[in-house]
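Me: I'm new to this, so please take it slowly. Could you give me a close look at the salt bridges here, and then at the strand pairing around one of them?

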Amino acid sequence: MRRNLQLCVALAATSLMVTTGCKGPKDESSNLKSAINSYYDQWPDCLWRNPIQMPQQHDKDDASKVMPFDALVDQGLLSRTPVEKTKLLVLKKEANSYDLTDKGRSNWTADVNQPGYGNFCYAHRKVKDIVSNTPAGTQPGATTTVNYTYTLGDVKDWAQATETQNAFPQLRTALTATNNAKATLTLTNDGWKMQPVAKSAGGDSGIVE
């Protein structure tokens, strides 16, 4: 009888330890996901890795240069004006001059550090899954490194056009792929915040040099 009583007490103690003293770490996945999304709401993905200057001129027979700009003309973002360029003082060369239209200006993200420079930004990064994160403390100042997958959302209509995606092949891949990335987050009094990452002005991850 006494042995049975001792066994019951031991089992009860074990159960209490499981329910009160052996809790796993809090799942922060949803908070980490929200913090990364909030950061990229401010830093959209853009066409060029570095800001470009407008207006620009390119030789008509330089297909690799004019094709991207002509695609943006088709979408109403740029105007195209035929011009003549002088080379070697006497040689005349047919060229196109490209500049922003009213629609282009409303879609243009100006570079505050370089007047006349900017980028066309077309989507925001949206976290799909938190794959893993390093252990973190529970007090403000704690940091964690997060591996995650993401897709692109809030895509501009002109970026979805066939002409644009043909001119910018990597754009199509960027919009359809599930991408992998890493971020470092810090716990603050207002929750998790993503640490700034090195970026080109006008956007975090342009697709064209």
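Reply: There are 5 salt bridges in this structure, a salt bridge being a side-chain nitrogen of Lys or Arg within 4 Å of a carboxyl oxygen of Asp or Glu. This is a predicted model, so local features need pLDDT of at least 70 and side-chain atom pairs count only at pLDDT 80 or more, while totals for chains, interfaces and linings use all residues. Residues are numbered from 1 along each chain as its sequence is written, and side-chain values use heavy atoms, with hydrogens and water left out.

Start with K93 and D61, whose side chains form a salt bridge at 2.9 Å, N to O. K93 sits in strand β5 (residues 91-100) and D61 in the loop between β3 (56-59) and α3 (63-74), so this pair ties together parts that are 32 residues apart in sequence. Helices (H or I, at least four residues) and strands (E, at least two) are DSSP runs, numbered from the N terminus. K93 is partly exposed at 24% relative accessible area, whereas D61 is exposed at 56%. The cut-offs are under 20% for buried and over 50% for exposed, with partly exposed in between (1.4 Å probe, protein chains only).

Next up is D70 with R80: their closest N and O atoms are 3.0 Å apart. Here D70 belongs to helix α3 and R80 to strand β4 (residues 78-87), so parts 10 residues apart in sequence are tied together. R80 is partly exposed, at 40%.

Now for D154 and K126, which meet in a salt bridge at 3.4 Å, N to O. D154 is in the loop between β8 (143-153) and α5 (157-160), and K126 is in strand β7 (residues 117-133), so the pair ties together parts that are 28 residues apart in sequence. K126 is partly exposed at 27%. Through shared partners, salt bridges join D41, K126 and D154 into one network.

Let's stay with β7 and see what it pairs with. Two strands count as paired if DSSP finds at least two bridges between them. β7 and β8 run antiparallel, paired over 8 bridges, and in β8 you'll find T149 opposite D129. Strand β6 (residues 108-110) is joined to β7 by 3 bridges, also antiparallel, with T109 partnered by N119. The hairpin of β6 and β7 has 6 residues between the strands, and its G116 takes a positive phi near 90°. Strand β1 (residues 45-46) runs antiparallel to β7, with 2 bridges, and C46 stands opposite C121. Strand β2 (residues 52-53) is antiparallel to β7 too, again with 2 bridges, and I52 has G118 as its bridge partner.
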